[in-house]
Amino acid sequence: MDPQRLRALDVAHEHARAYLAGLAERPVGRVPDLQALRRSLGGPLPEHPTEDTVVVDDLADAAEPGLVASAGPRYFGFVVGGALPAALAADWLVSAWDQNAGLSILSPAAAVVEEVTGDWLRELFGLAPSVSVGFVTGGQMANLVGLSAARHHVLARAGWDVEASGLAGAPPVRVVVGEQRHATIDRALRFLGLGTASVTVVPADDQGRLRTDLLPEALAGHRRPTIVCAQAGDVNSGAFDDLGRVCDAAHDVDAWVHVDGAIGLWAAVSPQHRHLVEGLDRADSWATDAHKWLNVPYDSGIVFSAHADAHSSAFSLRAPYLVHAAEGEAREASDWVPESSRRARAIPVYAALRSLGRSGVAAMVERCCALARRFADALRAVPGIEVCNDVVLNQVLVRFEGGDGEPAAGDDRTRGVIAAIQDSGVCWMGGTMWQGRALMRISVSNWSTTEADVDRSVDAIRHAVR
Ligand SMILES: *Cc1c(COP(=O)(O)O)cnc(C)c1O
């Protein structure tokens, strides 16, 4: 390749380094000026070529005002990780190599990295070596894949081949979910033709945990194909369903248990927090994210199934021109995910795990949880601030009381304080509605967040309250 053309990579590298060097001190959160971005990025479709270096340079300059420092150390909105340096660098290589990681013949390296990374992840989470794995774009797709395997399995046991026959005329599938399930569970049920209106909803307790005392009743009645969705790590409170009890009750009626562990599966890696996922290994499928707590660049999620046959029945892909390795020779990634051609998404996960090691992953999880407790302790000491959840993981829910103690005044006050914090540029927290009240969410998920970042952010919150 013409070395001159590769100069665009140097330009990108310089911009990336400058961005990362300034990330920690960049104002966190941006008031989006979409019109300005449209002006600088827009214009008519170019008729003629533009030099590569100019394209990259202009793009970086024009996009810059619209970038959110969500990968930085004081972004506590949603559940957003940053990018570990080794994972980010590996991700650059993934683009440079431009491998199609769908089939082993297209990239033996990507195929073997998936094998190795799958082994490492199973070991980290305490899952059996026979558990199958798929590397997908995030928690949404991991939930979809896990529930696809579930749908196959429960219907196959009822004598129905859903892949061949579809759902028309199939035995009805009962789906039991917790009240506080993540919205992506419902969307997966939409994709799967199982629908969202017909689910059986089990009420949650004050922390958002599925009430396992009510589960046997929800599962009662004649045995029919049943899927139970449990959660490890509520997106608001960080709470964990009692996975052991869910598995016991569900398996009593031959139901499949899918665990949405987008955040909370990582608790399994930490000796301090492992008790929260007790019973995890008895579930039938698991979903998690790598782009959240493992701090791998977007987008990256992982799905596991205890029933590899159900998993591959739902996804295996064959066509006369697609060359598959001989049985047992190599793992064909596209048999475990919805995509055919795909990015070598396991490579940054591999790099993250190698750069941290098991102890490093555990330390990162424990550090984030300790920082969440630091937030909670500091905020509890401020008059007019209530910490509303048991801080068992990395999530803190905060309420700011209104003057007269009326719920509506508290809602307004909480929204107002959130807006003031966001305006400060020091840190960024978002809001939520939780059990009928407006609350502020704090999610500590970034590898680079320090105690000093938390203390600076607490000061910004105190200032906003004043
Ligand atoms: C974030 C999240 C998801 C969705 O994951 P994406 O990576 O955004 O697709 C699902 N479940 C839970 C509990 C989550 O926190």
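Let's start at F78, in the loop between α3 (52-63) and α4 (85-97). Helices here are DSSP runs of H or I with at least four residues, strands are E runs of at least two, and both are numbered from the N terminus. This is a predicted model: local features need pLDDT of at least 70, side-chain atom pairs count only at pLDDT 80 or more, and totals for chains, interfaces and linings use all residues. Residues are numbered from 1 along each chain as its sequence is written, and side-chain values use heavy atoms, with hydrogens and water left out.

Back to F78. What is its phi? About 45 degrees, a positive value, although F78 is not a glycine. Most residues other than glycine have a negative phi, and most peptide bonds are trans. F78 counts as exposed, because its relative accessibility is 52%. The cut-offs, with a 1.4 Å probe and protein chains only: buried is under 20% relative accessible area, exposed is over 50%, and partly exposed is in between.

Next, D254. It sits in the loop between α10 (243-252) and β5. Its phi is also positive, near 60 degrees, and D254 is a residue other than glycine. With a relative accessible area of 42%, D254 is partly exposed.

One more backbone point. Which peptide bond is cis? The one from Y298 to D299, with omega near -5 degrees. D299 is in the loop between β6 (285-289) and β7.

Now the overall chain. It has 14 helices and 11 strands. The C-alpha trace spans about 70 × 60 × 45 Å along its principal axes. The radius of gyration is 23 Å, which agrees with the value near 23 Å for a compact globule of 466 residues. That radius is taken over C-alpha atoms, and the globule rule is 2.2 Å times the number of residues to the power 0.38. Of the 466 residues, 51% count as buried. Take the contacts with a separation of 6 or more: 73% of them join residues 24 or more positions apart. Contact means heavy atoms within 4.5 Å.

On to helix α11, residues 308-315. Which of its residues are buried? A310, H311 and F315. They lie on the same side of α11, because they cover an arc of only 115 degrees around the axis. The arc is that of the directions from the helix axis to the C-beta atoms. Among the elements that cover these buried residues are β1 (132-136), α6 (139-157), β5 (256-260) and β7 (301-305).

Stay with α6 for a moment. S148 lies in that helix. S148 counts as buried, because its relative accessibility is 6%. Leaving aside neighbours within four places in sequence, S148 is in contact with L192, A314 and F315. F315 is one of the buried residues of α11.

The search uses a 1 Å grid over the protein atoms alone: a cavity is a set of points where a 1.4 Å probe fits but cannot get out, a pocket is an open set with protein on both sides within 12 Å along at least five of seven lines, and lining residues have an atom within 4 Å of a point. Grid points are joined across faces, edges and corners, and a volume is the space filled by probe spheres set on the points.

The largest pocket has a volume of about 1400 Å³. It is lined by 41 residues, and A16, Y19, L20, L88 and W92 are the closest to its centre. Helix α1 (3-22) gives the most to this lining, with 10 residues. By class, the lining has 29 nonpolar, seven polar and five charged residues. Ala, Val, Leu, Ile, Met, Phe, Trp, Tyr, Cys and Pro count as nonpolar, Asp, Glu, Lys and Arg as charged, and the others, Gly among them, as polar.

How many cavities of 30 Å³ or more does the search find? Two, across the whole structure. The largest cavity is about 80 Å³. Its lining has 15 residues, with G178, Q180, R181, Q231 and D241 nearest the centre. Strand β4 (residues 226-231) gives the most, three residues. The classes split as five nonpolar, five polar and five charged.

The second largest cavity is about 40 Å³. Its lining includes A101, L103, E114 and R331. Here the classes are five nonpolar, three polar and two charged.
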